[in-house]
Amino acid sequence: MSLTLKYVLFCILATLSNLFTQRMIIDHKIFNLEYLYALFLGTLVGLVTKYALDKRYIFGDNDNSVTNNVRKFYLYTLNGVITTSIFWGMESLFYFTYHSTFARELGAIIGLSIGYFLKYRLDKKYVFKV
């Protein structure tokens, strides 16, 4: 399987884990501020999922030492701040404009797609230095 296809599949898996987490929180009204909690927790689940997949299968980093993972996860997360702002902005724009689950998730998919495209380049240059 090509690297590009793997990356796209991992983006889809991370997006689905993110949106599933959000939907569980919003649909079941787990918290009073469910949208904000859903956005944050969905992002966290997607981040951890994507890091684990990218580290091993995209960038071939098999060093599982605590030092390596802490440093790289920190840099990976730092790069994610930029791309997450695109994702959150797009998702929120669609959600607060159209007030529907479909619009919120469509905005999330658009924002995540843009973000993941940029994130690959940032991670390749600054985190995994391939």
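Okay, let's start with the helices: H2 passes H3 in a right-handed crossing, meaning the near helix is turned clockwise from the far one by less than a right angle. Helices here are DSSP runs of H or I, at least four residues, numbered from the N terminus. Quick caveat: this is a predicted model, so local features need pLDDT of at least 70 and side-chain atom pairs count only at pLDDT 80 or more, while totals for chains, interfaces and linings use all residues. Residues are numbered from 1 along each chain as its sequence is written, and side-chain values use heavy atoms, with hydrogens and water left out.

Back to H2 and H3. They pack at about 135°, axes 9 Å apart, where axes are lines fitted to C-alpha atoms over the stretch in contact and angles run from 0 to 180 degrees between N-to-C directions. That makes the two oblique to each other; under 35 degrees would be roughly parallel, over 145 roughly antiparallel, 65 to 115 roughly perpendicular, and the rest is oblique. The contact of H2 with H3 divides into twelve nonpolar, six polar and five charged residues. For the classes, Ala, Val, Leu, Ile, Met, Phe, Trp, Tyr, Cys and Pro are nonpolar, Asp, Glu, Lys and Arg charged, and the others, Gly among them, polar.

Next, H3, residues 66–98, against H4, residues 101–127: the axes come within 8 Å and cross at roughly 160°. So H3 is roughly antiparallel to H4. This crossing is right-handed, and its contact residues split into 19 nonpolar, six polar and five charged.

What sits in the loop between H3 and H4? Histidine 99 is found there, with a phi near 50°, positive in a residue other than glycine. At 61% relative accessibility, histidine 99 counts as exposed (over 50%; buried is under 20%, partly exposed in between, with a 1.4 Å probe and protein chains only).

Now rings. The whole structure has twelve aromatic pairs, that is, Phe, Tyr or Trp rings (six-membered ring for Trp) with centres within 6.5 Å; planes under 30 degrees apart are stacked, over 60 edge-to-face, the rest tilted. Tyrosine 35 and tyrosine 95 are stacked, because their centres are 4.6 Å apart and their planes at 15°. Tyrosine 35 is in H2 and tyrosine 95 in H3, so the pair ties together parts 60 residues apart in sequence. Tyrosine 35 is buried at 9%, whereas tyrosine 95 is partly exposed at 22%.

Last one: lysine 119 lies over the face of tyrosine 76, 3.3 Å from the ring centre. The cut-offs there are NZ of Lys or CZ of Arg within 6 Å of the centre and within 35 degrees of the ring normal.
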